[in-house]
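Have a look at the sequence and the coordinates before reading on.

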Amino acid sequence: MNLLVTEIFGPTFQGEGPSTGQQAAFLRLSRCNLTCTWCDTPETWDTSRFDLASMTRRMTESEVLHELLAVPAPLVVVTGGEPLLQQDRLVWLADMLRANERRVEIETNGTIVPVSGLLAAVKHWNVSPKLASSGVPYGKRINPEALRALNSSHRAVFKFVVEGPTDLEDVAELEAEYGLAPIWVMPQATTPTAVTAVMREIANETLTRGWNLSTRLHILLEDTDVR
Ligand code: SF4
């Protein structure tokens with residue numbers, strides 16, 4: 001069975017989270033199980049706006065491996081969409097990338113329990129549980145079993161996309177409920193000006209709560225303030 005791939009690209013910089021600024025190859029997998037209102041990759045799932053069939057490459061694991069290894073970057077970021085929808089086809093790929101001295105990070109929305117083989121193969125998980133501001137109902141965006149499995153692996157960071165200070169209490173409730181750590185917060189913004197503005201709004205409270213703050217480097221590097 002093939003992997004459903006939206007795009008493979010790089011080298012570029014990891015734009016978010018603990019590895020921000022590191023050179024990386026990106027594997028963006030197609031399809032998602034959520035429908036966040038502010039999603040910045042709707043081409044992976046939104047059939048009302050995109051023709052997914054024409055935007056999806058069906059590739060074998062070895063074809064994907066070959067393209068990723070052709071990117072001269074030490075880090076491979078597997079993102080989506082929601083990559084764990086295809087997790088059975090990622091175990092071999094993660095093992096092979098590691099065997100070829102690539103560090104692998106998986107970005108997930110934290111709603112799917114990872115299989116043990118993938119949890120063993122991947123040492124860095126960027127888990128982004130969605131908040132109420134995503135527009136997705138709680139029961140769909142929060143899966144306690146998946147969050148606990150990822151948290152107890154001690155291989156995950158929890159990276160929350162926030163629209164502003166009012167979202168921080170929502171993060172704190174999830175932190176308290178599931179003991180999530182470490183926590184990163186990152187602005188939901190699509191222009192350099194907005195990224196900076198939201199970071200300034202949330203910085204002090206983020207510090208006070210003992211969390212980490214992430215920028216969105218790829219947006220800062222784009223000249224998108226004209227939007
Ligand atoms: Fe988009 Fe991620 Fe939400 Fe899926 S989980 S809809 S990819 S923001």
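Is C36 buried or exposed? C36 is buried, at a relative accessible area of 9%, where buried means under 20% relative accessible area, exposed over 50%, and partly exposed in between (1.4 Å probe, protein chains only).

A word on conventions. This is a predicted model, so local features need pLDDT of at least 70 and side-chain atom pairs count only at pLDDT 80 or more, while totals for chains, interfaces and linings use all residues. Residues are numbered from 1 along each chain as its sequence is written, and side-chain values use heavy atoms, with hydrogens and water left out.

| Residue | Relative accessible area | Class |
|---|---|---|
| L29 | 0% | buried |
| C32 | 26% | partly exposed |
| C36 | 9% | buried |

On the cysteines, the structure holds zero disulfides, a disulfide being a pair of cysteine sulfur atoms within 2.5 Å.

L29 belongs to strand β2, residues 23–29; helices (H or I, at least four residues) and strands (E, at least two) are DSSP runs, numbered from the N terminus. Beyond its neighbours within four places in sequence, L29 is in contact (heavy atoms within 4.5 Å) with residues including L3, V5, T44, V78, P83 and L90.

Next come the cores. A nonpolar core is a set of buried Ala, Val, Leu, Ile, Met, Phe, Trp, Tyr and Cys residues joined through side-chain atoms within 4.5 Å. The largest one has 47 residues, of which L27, V64, W125, F158 and F160 touch the most other members. Helix α7 gives the most to this core, with five residues. A second, separate core of six residues includes C36, W38, V161 and M186. Leaving out residues up to four places away in sequence, W125 touches, among others, L84, I106, L118 and L150.

L150 also takes us to helix α6, residues 144–152, whose buried residues are A146, L147, L150 and N151. These sit on the same side of α6 because they cover an arc of only 125 degrees around the axis, taken from the directions from the helix axis to the C-beta atoms. They pack against β5 (103–108), α4 (116–121), β6 (124–127), β7 (156–162) and α7 (168–178). At the start of α6, a side-chain oxygen of N143 comes within 3.0 Å of the backbone nitrogen of E145. After α6 comes H154, with a positive phi near 55 degrees.

Technical notes. A polar contact is a pair of N or O atoms within 3.5 Å; within protein, one must be able to donate a hydrogen and the other to accept it, and residues adjacent in sequence count only if both atoms are side-chain atoms.
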